Amino acid sequence: MEFNGNHLIELGYRPAKWFKDAITHINENNLDEVQIKEYLDQFKQPDIIPLHETAKDFIINIRAEHESETDNVEKVINTMKVLMKTPTLTAGALMPDACPTGPEGLIPVGGVVVAKNAIHPGFHSADICCSVMLTDFGDADPKEVLDAAHSVTHFGYGGRPRGEQMPMSQELMDAFRENYFLSDEKLISIARSHMGTQGDGNHFLFVGTSKNTGNTMLVTHHGSRAPGAALYDKGMKVANRFRQDISPETLRENAWIPFDTEEGQAYWEALQLIRTWTKENHVNIHDAVLNKLGTEKQDRYWNEHNFVFKDGDLFYHAKGATPLDDKFMPDITGPRLIPLNMSEPVLIVQGKTNERNLGFAPHGAGRNFSRTQHKKSLAHKTIEEIFDEETKGLDIRFFSNEIDISELPTAYKSAKNVRAQIEEYGLCEVLDEVMPYGCIMAGDVGKNAPWKKKKKYRKA
């Protein structure tokens, strides 16, 4: 009797691409039962890893302070209950700035989860190593710093044009070429063009003064841009190949790469290279402002808040959470930064791992409503009226010259409430505050986007 796919399934194998070649080989060589077993050993599939029957425990460091926050808090708690059934997870925590990112089961912004021997690309998402850097400009005039920064930074889609690009170190380019996930020359070219860019959305360049010293501080907020997004895409594809083989019940977005595999080792290395790229990106922008003003920095430090941190065989995935424990940051040079919104101070904090925080603090103020919902709630006012009300006394600039009301202060949770819950739950200690002078953001980059103009022209 001719051997077929049903026989393979009866032997316990799940349908796969190799079935066709295996069936042909077995039939053409007339393998007997023992020979078939020996031949099929090479296709032995790993045991299926089921979801946890009940969600692993997680710490809740958030509560609704107002009726408008109730739905948000319920959603993030419910989504964590689904998420914490993922087989790799051992612990988790919600921060006071938590908000949902999609359907139940997807890690929320303001969420921290601990996975054993596993890296989950979906838990850091495409904006890998979203981070903040501070440079102390001493007694420099805040307006001069903001003007200089405006002349050298870059917001919006894409990279810098040729002739305006900032340098990517040769050492880093060589390291990209040696990594399985980053070696594509097109990706390296994109990484070079995106150096010195800040993107769009909630990314910003903020200037303010230290409450303690009066010194002028520049703070930038952005992630790894297109290089990070490319790594995320590749990482998700690899993670889902593993998921299909070892844990098909796991949600696609929660797939993981086992660390003790070649792919896991290469992905971990790629994450560190993307981290280095992002830090270089911050440094290039800050140094360009210093050079423009002909001055030197008094101090500088940074931290990521959207990344994966390793401690032994445990991987701490912070989706919008500030690492406090020094073990998470090999290049630690100062305290940590928590920005709230453009009209509020950037908090300079420190803290230690305790029973509530897993070694992390909030990363900002989060949102109670989507951008679209927020815009609808303000539809009775003009954009100019909203801008004037929410930015009074501040020097707020949009790089695209188009106001984005979804990034104004009322788009975010109450900064006062977030700070109160940081203290209530004992998450970290505020050392200083950078009082706001002004900031630059991308603005509504889609309003007059080139592709929209082309579309209108074609219709004319």
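Contact means heavy atoms within 4.5 Å. By that criterion, the buried residues of helix H2 pack against helix H1 (5-10) and helix H3 (33-40). The model is predicted. Its mean pLDDT is 93, and 97% of the residues reach 70 or more.

**Domains**

- The protein is divided into domain 1 (5-43) and domain 2 (122-458).
- The centres of domain 1 and domain 2, taken over C-alpha atoms, are separated by 51 Å.

**Helix H2**

- H2 spans residues 19-28, and its buried residues are Phe19, Ala22, Ile23 and Ile26.
- These four residues lie on the same side of H2, because they cover an arc of only 100 degrees around the axis.
- The general rule is that an α-helix has 3.6 residues a turn, so residues three or four places apart point the same way.
- Lys20, Asp21 and Glu28 are exposed, on the face of H2 turned away from its buried side.
- Just after H2 comes asparagine 30, with a positive phi of about 50 degrees.

**Aromatic pairs**

- The whole structure holds 17 aromatic pairs.
- One of them joins tryptophan 18 and phenylalanine 19. This pair is edge-to-face, at 4.9 Å centre to centre and with 65 degrees between the planes.
- Tryptophan 18 and phenylalanine 19 are both buried.
- Phenylalanine 328 and phenylalanine 360 form a stacked pair, because their planes are at 25 degrees, with ring centres 4.9 Å apart. The cut-off for stacked is planes under 30 degrees apart.
- Phenylalanine 328 sits in the loop between strand S11 (321-323) and strand S12 (336-338), while phenylalanine 360 belongs to strand S14 (residues 360-362). The pair therefore ties together parts that are 32 residues apart in sequence.
- Both phenylalanine 328 and phenylalanine 360 are buried.

**Ring cluster**

- Tyr13, Trp18, Phe19, Tyr39 and Phe43 are linked into a cluster by ring pairs.
- Phe19 of this cluster is also one of the buried residues of H2.

**Charge over a ring**

- Arginine 367 places its charged end over the ring of tyrosine 412.
- The distance from that charged end to the centre of the tyrosine 412 ring is 4.5 Å.

Terms used:
Residues are numbered from 1 along each chain as its sequence is written. This is a predicted model: local features need pLDDT of at least 70, side-chain atom pairs count only at pLDDT 80 or more; totals for chains, interfaces and linings use all residues. Side-chain values use heavy atoms; hydrogens and water are left out. pLDDT is the predictor's confidence in each residue, from 0 to 100. Buried means under 20% relative accessible area, exposed over 50%, partly exposed in between (1.4 Å probe, protein chains only). Helices (H or I, at least four residues) and strands (E, at least two) are DSSP runs, numbered from the N terminus. The arc is that of the directions from the helix axis to the C-beta atoms. Domain bounds come from an automatic or database domain assignment. Rings of Phe, Tyr and Trp (its six-membered ring) pair if their centres lie within 6.5 Å; planes under 30 degrees apart count as stacked, over 60 as edge-to-face and the rest as tilted. A charge sits over a ring if NZ of Lys or CZ of Arg is within 6 Å of the ring centre and within 35 degrees of the ring normal.
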